[in-house]
Structures are given as structure tokens and as C-alpha cells.
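Biologist: I am new to this structure and would like to learn what stands behind the words used for it. Could we take the terms one at a time?

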Amino acid sequence: MSKNPFSGINLPFVPRKGSEGVRRPHVKSHVADRPFALDPSNTQAFTALGAEGADDRNAHLRCVVIGGGTGAPMSIRALLSLGVTTSAVVAMADDGGSTGLMRQEARVTPPGDIRKCLAAMAANPDDPLTRAFKTRFSFARNHTLGNLMLAALEDASTGFPEAVSICERLLDCRGHVYPSTLDHVTLSARTKDGHVLDGQAIACHSQTALERVWLKPEEGAQDAIRPYGPAVRAILDADLVVLGPGSLFTSIIPNLLVPGMADAIAQSKAKVLFVCGLADVQGETWGLSAKEHLQALYAHGMEGLVDYMLVHCDHELRPENDDAAARAAADGQPTGEQVPPVRISYQDAVDIQKAGPVLLARNLCDPGSPTWHSPAALRDAIQEVMTLCRLPLR
């Protein structure tokens, strides 16, 4: 398909039908008097989508979501709601919270992001076992049952892959979840002002946007970091690879840093969709525009490999709107945004498309939770990408 610099911007912006979103049930934050607390999750909102959005004719399409954290489950559930055969490749650099404690004290393979993707893959989000899998215990150092199960099964079985496979069966998962590597790794980062940060949890809360990240094998490791073979095979066999949404430097890019992962994407026949974050609220990407998010991907091995880019935009992308925004910034006028969005201008949109990807600007925000993607809007946008890259229904 020809990548005309203006073909995918679809100006003027028109909100997509059905993109008003599904309100995410409010989940109270963990407090001491709530011994059992469910992890915050937007996946419940996909329960209603499953019945009306799934189409058996999509089952022949093989899609792989690459990421981690709370972002990858959004794409997983969107694809599942469309009836697509879905797998996930998950970053293994997490060292914060429950996962960090378990890594430090029990030397387990990081379970946290795998747990979140397994829960997203579950056939029934309201099933008691699925809910229990996501439950966090304040009286047990805030560990989740899913993390404890994965760690215990890793010890009781032949290893982490079997532990994941057992949990897939327990949750009646509708797809497979693969770690990008089984090696124990640490994520390091350099900020734009030159500071080096060691550890995923520290890097994601940086006070300055990150410039570059890299993986280090654990101290004393004799071999180089190795990719997990089934994860590589899933990418090679994919029709569509979805990067994100999620933390750019600490959830998405760490997968691409594992040797062989970016090469597998390059060798695959799959089209690649990058779902850019929608809210400028994370330390690691503070102040970065959508264009700079793409440039960061390029700097970490993805140059020339991104076919489509999905960005949140709730206004018309026109040159005159860029001029008005520049005047407002110069005058110091408040934007009125309670949650600042990741910036996208008309000129940046043009530059993105000149760099290669077809850009789709859509209103993707969940009105009830402005830092989350609307499940319905994300589903519709992914379906649109599948149509644009000629992945038709059978």
C-alpha cells in the first residue's frame, strides 16, 4: 500500500462512531483496611464488547502484542473482542512492587507483567478464579495471588514457561503469553540531561524524560541475553504486531532490546502498529511529543519497521490549529487540560508520515478515566488498521 504523506491523517478529524468509550468501574486504591484489593484494570469494560465485536472470520489472523504493564492488556482485550488469534510478548525487566520483592528475595522470573497479560487473556474476566488471580493482599506485603502462583509453579514445575502454561489453562486463556527472555535482566536508562538510572522501577519514575535504555544481564551471568524461542516464533508467524500502548521505555522497548526480537519483526511478514500513549503523565516520557515517541522507537532498533501509528487527538489537525496553540503557549495561556495529552500537531503528523508510518489520529480517551484508552475506541481503531493493511475478514 502506498504511504502517501497525507493518506492516513484523515483530516479534518472526525470522531469515530462508537468511540465514546465504555466507562471503567471505579476501583479504590489499596488501603490498609481492605485486605483484598483488585488491581486497577480496564479489562472489565471489554466484557460487553466481546459479544458484539467478536467475529469468527477474524480467527485466521495471528496478532502479537508486545509490551507489558497495564498497557498491553488493553490491546490484548481489543484484539480478543474482535475474534483475532492473539499472543503477547512481555517485557521481563520489571523490578518494582511485588515483583521486585520476589526477584530480590526469591530470585524468581519476574511474574508481574506476565500476570496482567494472563488476566487479560482470561475467557471470563468475572470468573472468581480470574478475579482472585488479580487480587492483592495488604496483609502479605501487597503481593498478588497471580504473582505467588507463578513463582510457586516455577519452583514446582520444570520452570517458568510451564508455570505460565499452567496458569493459561487455569484461567481458560484465549491466547498465549510469552516472556521475551527467560534470562534475569536489569534495565538501565540515560535521561535527556545525562543521568544514568539503574532499574525499571527507578527509570519509569525519572524526573526527566529518558533518552536511551539498555538491558544488562544479572551480575555473574556468563552468557549474553537470549530471546525466548516461542516468543520469536510467534512474531515470525504474525500477521500484525501491536506495540503498546504502555510505558514506552520501560514496557515496550525492553522487549525490543532482547537480541533477535527486532530482527524477528523485520523478518516477519507482519504489519506493525505502534499505539502511542495518550497522556503525558509519566516521568520517563514527560514532555515528549508523539513524534518523539516514534523517534525513540527508531533509536532502539525499529527504524523502518513501523507501518502504522495510532495517536490520541480530540481536535482537528490543521495548520491553523498549530498556529493557535503556539500563540497560546507564547502568551502563557492555560490549556484547560486536567490530564495533559501527548502532543500531536499537524506538522508533526506530516513529519511522522514522511518518516514511513501511516498515522491515524483518533479520540481514544476513556472519558471516565482520562489516562486510559477507551476500549471501544481502541477496538475500532485496530479494526481500521486491519482493514487498511489488507488483513480482511474471511
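Modeller: Let us start with a helix: in helix 4, the buried residues are Gly112, Asp113, Ile114, Arg115, Cys117, Leu118, Ala119, Ala120 and Met121. This is a predicted model, in which local features need pLDDT of at least 70 and side-chain atom pairs count only at pLDDT 80 or more, while totals for chains, interfaces and linings use all residues. Residues are numbered from 1 along each chain as its sequence is written, and side-chain values use heavy atoms, with hydrogens and water left out.

Biologist: What makes helix 4 mostly covered?

Modeller: Nine of the ten residues of helix 4 (residues 112–121) are buried, where buried means under 20% relative accessible area, exposed means over 50%, and partly exposed lies in between (1.4 Å probe, protein chains only). Helices (H or I, at least four residues) and strands (E, at least two) are DSSP runs numbered from the N terminus, and the chain has 15 of each. Of its 394 residues, 54% count as buried.

Biologist: Why is Thr130 called buried?

Modeller: Thr130 has a relative accessibility of 1% and the limit is under 20%, so Thr130 counts as buried. Thr130 is found in helix 5 (residues 128–133), and, leaving aside neighbours within four places in sequence, Thr130 is in contact (heavy atoms within 4.5 Å) with Ala119, Ala122, Asn124, Pro125 and Leu171.

Biologist: How do you know whether Trp372 is buried or exposed?

Modeller: The relative accessible area of Trp372 is 14%, which is under 20%, and therefore Trp372 is buried. Trp372 lies in strand 15 (residues 369–373), and the C-alpha atoms of Trp372 and Gly277, 95 residues apart along the chain, are separated by 9.0 Å.

Biologist: Why is Asn142 called partly exposed?

Modeller: At 27% relative accessibility, Asn142 falls between the limits of 20% and 50%, so Asn142 counts as partly exposed. Asn142 is found in the loop between strand 4 and strand 5 and has a positive phi of about 65° although it is not a glycine. Arg141, in that loop, has a phi near 60°, also a positive value in a residue other than glycine. Most residues other than glycine have a negative phi.

Biologist: What makes helix 2 roughly perpendicular to helix 15?

Modeller: Helix 2 (residues 72–81) and helix 15 (residues 375–388) pack at an angle of about 65°, with their axes 9 Å apart. Helix 2 therefore counts as roughly perpendicular to helix 15, since angles of 65 to 115 degrees have that name, whereas those under 35 are roughly parallel, those over 145 roughly antiparallel and the rest oblique. Axes are lines fitted to C-alpha atoms, for helices over the stretch in contact, and angles run from 0 to 180 degrees between N-to-C directions. Met74, Ser75, Ala78, Leu79 and Ser81 in helix 2 meet Leu378, Arg379 and Ile382 in helix 15.

Biologist: Why is the pair of Tyr178 and Tyr228 called tilted?

Modeller: The planes of Tyr178 and Tyr228 are 50° apart and the ring centres 6.5 Å apart. Rings of Phe, Tyr and Trp (its six-membered ring) pair if their centres lie within 6.5 Å, and planes under 30 degrees apart count as stacked, over 60 as edge-to-face and the rest as tilted, so this pair is tilted. Both Tyr178 and Tyr228 are buried.
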